Amino acid sequence: MKAVERLDNTMAELNKINESELGINELDLLRFLKNQLSKSKSLFESFSKSIDEKRWDDVLSYTFQISQRVNSIFGYLVQPAVFSMISRSKLSENIENIIDSLAFSISEMIIVLKQNNKSLGIDTITVNMSSNPPSMSISVVIKGG
């Protein structure tokens, strides 16, 4: 999946940041984002492996875990204290890249689900994205369910 590669690149950029140049709040934010991106990458790898191995129940499980993780990252970033810090932080460009990478990853995941909808027993997939506050929801209707 290109999502895993893109998350790898995003994490590599975060690892290049000189932590000694950051304030305490920025350092906490950087550590949180590194941790969450690492977990997200792991979930996307598991999602991809489950697709390859045709473990459809796991595919659905990872889908919802990934969407929950992405929403938690988005939710954290728009908290007033964090959001005001981000706008004047050295991390602002990296955070934009994180948001773009996560949005790309979710869209790739949805495309993969759509391509395998018959195997998964999915009748319809609906994705809703809100921009303020940023969040995403995935609704899946399973045939005969």
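**Exercise 1. Determine how many residues lie between E1 and E2 in the hairpin, and in which sense the strands pair.**

Solution. Strands are DSSP runs of E with at least two residues, and helices are runs of H or I with at least four, numbered from the N terminus. E1 and E2 form a hairpin, with two residues between them. E1 covers residues 122-131 and E2 covers residues 134-142. Two strands count as paired if DSSP finds at least two bridges between them; here nine bridges join E1 and E2 in the antiparallel sense. Within this pairing, Met129 stands opposite Met136 in E2.

The model is predicted: local features need pLDDT of at least 70, side-chain atom pairs count only at pLDDT 80 or more, and totals for chains, interfaces and linings use all residues. Residues are numbered from 1 along each chain as its sequence is written, and side-chain values use heavy atoms, with hydrogens and water left out.

**Exercise 2. Describe the largest nonpolar core and the surroundings of Phe47.**

Solution. A nonpolar core is a set of buried Ala, Val, Leu, Ile, Met, Phe, Trp, Tyr and Cys residues joined through side-chain atoms within 4.5 Å. Buried means under 20% relative accessible area, exposed over 50%, and partly exposed in between (1.4 Å probe, protein chains only). The largest such core has 41 residues, and Leu29 and Phe47 have the most contacts inside it. H1 (2-15), H2 (24-52), H3 (56-77), H4 (80-87), H5 (92-115) and E2 each supply at least two residues of this core. Contact means heavy atoms within 4.5 Å. Not counting residues up to four places away in sequence, Phe47 touches Met1, Val59, Tyr62, Thr63, Ile66, Met109, Val112 and Leu113.

**Exercise 3. Classify Glu26 and Lys54 as buried or exposed.**

Solution. Glu26 lies in helix H2. Its relative accessible area is 13%, so Glu26 is buried. Leaving aside residues up to four places away in sequence, Glu26 touches Met85, Ser89, Lys90 and Leu91. Lys54 is found in the loop between H2 and H3. Lys54 counts as exposed because its relative accessibility is 56%. Although Lys54 is not a glycine, its phi is positive, at about 55°.

**Exercise 4. State how the axes of H3 and H5 are arranged.**

Solution. Axes are lines fitted to C-alpha atoms, for helices over the stretch in contact, with angles from 0 to 180 degrees between N-to-C directions. The axes of H3 and H5 come within 11 Å and cross at roughly 160°. Angles over 145 degrees count as roughly antiparallel, under 35 as roughly parallel, 65 to 115 as roughly perpendicular and the rest as oblique; H3 and H5 are therefore roughly antiparallel.
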